[in-house]
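Dear colleague,

A summary of the findings follows it.

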Amino acid sequence: MGVKVGVLALQGDVAEHVAAFREALAERPGSSVMAVRRPADLADLDALAIPGGESTTISRLIEKNGLYEPLVRFEGGIFATCAGMVLTADRVDDPRVRTLGLIPMHVARNAFGRQVDSREAMLEVAGLAEPFRAVFIRAPVATDVGSSVEVLARIPEGIVAVRHGRHMAFAFHPELGGDLRLHRMFLEGLGL
Amino acid sequence: MKLEELRFGTELIKRGFASMQKGGVIMDVVNAEQAQLAEEAGAVAVMALERVPADIRAAGGVARMADPQKIVEIIDAVSIPVMGKARIGHFVEAQILEALGVDMVDESEVLTPADEQFHIDKAGFAVPFVCGARNLGEALRRINEGAAMIRTKGEAGTGNVVEAVRHMRAIMGGIRALKGLSSQELADCARDIEAPVELVIECAERGRLPVVNFSAGGIATPADAALMMQLGADGVFVGSGIFKSANPEATARAIVEAVNHYDDAKVVAEVSRGLGAAMKGLDVHLLREDEVLQTRGR
């Protein structure tokens, strides 16, 4: 059966997420990947990607578009990257962002410093046989996670990949760089 | 993590940074207070300046990089990325901006050019660059030099969107015209527009520029911003349009929402209500030749 994935399309690298999920689902007939901008767009989705972008901007637009409660109640799996990871947390070091509280963890925004400190690194991720080329762009880290959260990867600055029930969150950008192993791990975890 | 495999300032990181700005509004600010207002309104980044383009025009003289003190003050005031402008070809101003921790450098025609022959060799920097362009050839020459983001030049500081429209139509039309051309014809086109053939082929294959493409130069209202988005911009820069309007806070919020809902006229109509006067603006046709900024750099 086809899989329906939405990408929260308020701001950020939405097109890259759409392209990555389309490729990950290329051999699954009847699958679709669509942009989500309104509460009604969430109906019938199996999964939702929350993209990278500016978490302050996306947070504000979630409220403006009446998406806060619908996202908290969303029953599918969530695949969140960078700003998305900040938004899924239940605590953040910044009052300018109202997080969704979907994953019990504390995140620090911009944990690496300025853009020149952004980096690519070969990262060991639990469940992957070979390291993953992770692209960190003004990335956050989780500094503390609840006992129900599985830590998939960490670096000296903090935790950068987690799984919590049907949700996965990454401080880096699996949607950039063409390696879809984490997308496949996410879909398999949902039994899709 | 293997520390020896850490890599900084790669093409993927620089272009990736620009991708994170998509669907957003980048606002010109001249102090910490304006920067905080922009962040609060939902800007994805701010451009730290000594003066907005309308005031640079009015002041005349040589326009240079802003005082580093000013830039640091703005960096310290907000959590969103901070960009800074360097003069065309002035790679030392760019080095200074990079050293200050600016997240992106705008090699900008709004400042007085420092080199009339060469732009900055941007590939050698870890910090990403955005550059202005009036047409496809100019955009691709800047990308070839290492620009991670393109913006239309428009005509900065006029509050008149006509030049931004001209430049966006030229870039998008230039890409559409590549469709269906043979490799021989693409090579011929590359010669015509004075752009590297590999980049022309990439545009033909992808149907868009290889990097994020914003609009800038004369955007003054939510309707202007939505117009540029409908013409194909990935996001907008608003310079003088916010802090030269009657109500900067309301105008900033309205432009953010207009970009978010650029294809929904009801929302753009709603956010445009009661904003008060937009910046006064200039008729581009009445500018003297030496007052036109967009012809700086080619």
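How many bridges join β1(A) to strand β2 of chain A, and do these strands run parallel or antiparallel? The two strands run parallel, and 5 bridges join β1(A) to β2 (residues 32-36). Two strands are taken to pair if DSSP finds at least two bridges between them; helices (H or I, at least four residues) and strands (E, at least two) are DSSP runs numbered from the N terminus. Within this pairing, G6(A) stands opposite M34(A) in β2(A). Strand β1 of chain A (residues 4-8) is largely enclosed by the rest of the structure, because 4 of its 5 residues are buried. Here buried means under 20% relative accessible area, exposed over 50%, and partly exposed in between, with a 1.4 Å probe and protein chains only.

As to conventions, this is a predicted model, in which local features need pLDDT of at least 70 and side-chain atom pairs count only at pLDDT 80 or more, while totals for chains, interfaces and linings use all residues. Residues are numbered from 1 along each chain as its sequence is written, chains are lettered from A and ligands numbered from 1 in the order in which they are written, and side-chain values use heavy atoms, with hydrogens and water left out.

The sheet of chain B

In chain B, 8 strands form an open, parallel sheet in the order β8-β7-β6-β5-β4-β3-β2-β9. The edges are β8 (212-214) and β9 (236-238); each has a single partner strand, so one side of each lacks a neighbour in the sheet.

Helix α4 of chain B (residues 68-77) lies across β2, β3 and β4 of that chain, at about 165 degrees to β3(B). Helix α5(B) lies across β4, β5 and β6 of chain B, at about 160 degrees to β4(B).

Leaving aside neighbours within four places in sequence, its contacts (heavy atoms within 4.5 Å) include I150(B), M168(B) and D234(B).

Salt bridges

Over all chains the count comes to 40 salt bridges, each a side-chain nitrogen of Lys or Arg within 4 Å of a carboxyl oxygen of Asp or Glu. One of them joins R60(A) and E257(B) at 3.5 Å, N to O. This pair crosses between chains, from helix α2 of chain A (residues 55-64) to helix α12 of chain B. R60(A) is buried at 16% relative accessible area, and E257(B) is buried at 12%.

A further salt bridge links E107(B) and K122(B) at 2.7 Å, N to O. E107(B) lies in strand β5 and K122(B) in the loop between β5 and β6, so the pair ties together parts 15 residues apart in sequence. E107(B) is buried at 2% relative accessibility, and K122(B) is buried at 0%.

Helix α12 of chain B

A258(B) lies in helix α12 (residues 248-260) and is buried, at 0% relative accessibility. The C-alpha atoms of A258(B) and V268(B) are 5.1 Å apart, although the two residues are 10 apart in sequence.

Yours sincerely

Terms used: Axes fitted to C-alpha atoms, helices over the stretch in contact; angles between N-to-C directions.
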